[in-house]
Amino acid sequence: MAASVAGCFFFFFFFAVVLATASSGGSAALVEHTFIVSQMKLNHLCNDTLVTVVNGQLPGPAIEVTEGDSLVVHVVNKSPHGVTIHWHGVKQQLNCWADGAGMITQCPIQPNKNFTYRFDVAGQEGTLWWHAHVTSLRVTVHGALIIRPRSGPDSYPFPKPDKEIPIVIGEWWETDPFELDRRFANSDFADVPRSSTINGKLGDLNTCSGVTEDNYVLEVELGKTYLLRIVNAALHPQYYFKIAGHTFTVVAVDANYVKPYMTDTIVIAAGETVDVLVVAAAAPTGGRYYMVALGIMSLGPLTKTPVFISRGVMSYTANASGKGTSDDTGPIMVPEMPDYRDETMSFYFHGNLTSLRPVPVPGNIDERLLIAVDTGRLCRQGSVPSPPAYCMVTRMNNISFQLPTTTSLLQAYYKKDITMITSLRDFPSRPPPRIVFNRGYTSRGVSVWRVRYNTTVEVVLQGPPTPASYSNPMHLHGHDFFILAQGLGRYNAEKDVYAYNLVDPPVRNMALVPMYGWTVIRFVTTNPGVWFLHCHLAQHVSSGMAMAFVVENGPTTDTTLPPPPADYPSCDDPDDKVGYE
Ligand code: C2O
């Protein structure tokens, strides 16, 4: 009964064509998809909710490519809102136009309009994902992006799995994502989802009028090895992920291989991807095992909300020798979960990751940024500050980021007409000297930091080292970076450099700034364009915890951003601002 399609007649077209075969070691292929974005009603917990989805699926279709392939995705917008699709973690070398960040790189694709994203997926392997990048629409507009090695699955730097399975952790909201975004932007952070989800299923902890929601079921065979490609597509927190009776070997994060790391608990923050091997070897045989995704709800305004949780079931079917079938009538084993208010395990999980194939970390730092990520107060004109909101916004270096409204930043910079962007501000390279974390009034602005091509940048991301802190999963578009260190308290330049991992730091597109602490990242600006840096928590990005890097062109044509595609979405249509304030 759960997840049945209700309402009026609904249809969609879906095709995926691989125009040249990408066999082992073969030549690069052109992989083509059509994404029909439309609304449909899904019934969960006794309510019909209108949601926006791709090709009628939630999660949306998983895209599978081989490293080096070219992807062509035709987006057909049959929904009533403007949409963009962001290819989270794809480097988009010299192709910022295809990044899909709403009002940063492009104006949204309007209702009844189409746009085709064309880009290469090169120099990265593992799991990434795609999602809508306007307001909080990504809540239901998302899917996995799987990148396999060019020389075939035998060349995985870990035992070849028997099967690969995407696990998308998400949330089921009954609040419209556009409305949700308006509330976040107006300091109203009270909304919570009805449940977390695993591959779109709410799981059996949810019942309404005697109807229990479906569990995601993973069928396995005794003795086989599974590669779970886990994506955290949720709007809110980090998740603990466990399967009773089983352990994991982490082999990649954010489409970068890591040294095999064994654990029974995965920690995955909003926006992150983690690839893990799990061997179906539960003993004694014959059982069934819950897999649990549990949201981490530490300090802060979310403490009083219900626990975010979904569970699925791992169930054994007979293997080749007829052994190991689960007893479907017996009890299902429950994993012992960490305390959902305790982030300690997240700190160590993130800190324990190291790169499998380390590349030299650039040593000469050209530019240093110290970025304070926290909350401030900003009351809309005429609005009366009243509890519980206290006009709270989020900010970076005391500017609460605001999206441009008339044209995208990339288009304005490309046309060399930044007067098209009102309230443009230079992003300061340090916080104001006397900043008090989570205190004081702040101001809005479209804050950008201009940097020359081929500059080595080190960024210290500093969260509030004070009570009422919260982990912030920061995401940078268009570049992977080294994570050199993380720590608690206030970053100390003299002392903390000694803690840097300059040997085999993990390479990621997500940097989790731990609660009460800081994280240091380093990268080289190798990709001209406008690249968003923001917290991946929906309520933070919508309320200002963001800024944009403007990376200038280099000296040659192959270090210069080419012109936009001919059919680039227009910003002139007055409806272009659908979904924006
Ligand atoms: Cu996955 Cu700018 O986001």
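The chat below goes through a sheet, a pocket, an annotated domain and an aromatic pair of one predicted model.

Reader: Before we start, what pLDDT do local features need here?

Author: This is a predicted model, in which local features need pLDDT of at least 70 and side-chain atom pairs count only at pLDDT 80 or more, while totals for chains, interfaces and linings use all residues. Residues are numbered from 1 along each chain as its sequence is written, and side-chain values use heavy atoms, with hydrogens and water left out.

Reader: Ok, in what order do the six strands of the open sheet run?

Author: The order is E12-E11-E16-E21-E18-E19, with mixed pairing, where strands are DSSP runs of E with at least two residues, numbered from the N terminus, and two strands pair if DSSP finds at least two bridges between them. Strand E12 (195–198) and strand E19 (256–263) are the edge strands, each pairing on one side only.

Reader: And in what sense do E18 and E21 pair?

Author: Strand E18 (residues 248–253) and strand E21 (residues 273–279) are antiparallel, over four bridges, and threonine 249 has leucine 277 in E21 as its bridge partner.

Reader: Switching topic, which residues lie nearest the centre of the second largest pocket?

Author: They are Lys91, Gly123, Asn256, Asp480 and Val507, out of a lining of 29 residues. A pocket here is an open set of points on a 1 Å grid over the protein atoms alone, where a 1.4 Å probe fits, with protein on both sides within 12 Å along at least five of seven lines, and lining residues have an atom within 4 Å of a point.

Reader: Which element gives the largest share of that lining?

Author: That is E35, with three residues; strand E8 (114–120), E19, strand E32 (481–488) and strand E35 (517–524) are the elements that give two or more.

Reader: Where does the Plastocyanin-like domain sit?

Author: According to the UniProt annotation, from an unreviewed entry, "domain: Plastocyanin-like" covers residues 38–151, 164–294 and 441–554, although such annotations may be inferred rather than shown by experiment. Residues 38–151 are 0% helix and 46% strand, with end C-alpha atoms 37 Å apart, and residues 164–294 are 7% helix and 50% strand, with those atoms 23 Å apart.

Reader: Last one, how many aromatic pairs are there?

Author: There are 19, a pair being two rings of Phe, Tyr or Trp (its six-membered ring) with centres within 6.5 Å, stacked when the planes are under 30 degrees apart, edge-to-face when over 60 and otherwise tilted. One of them, phenylalanine 35 with tryptophan 87, is tilted, at 6.1 Å centre to centre and 40 degrees between the planes.
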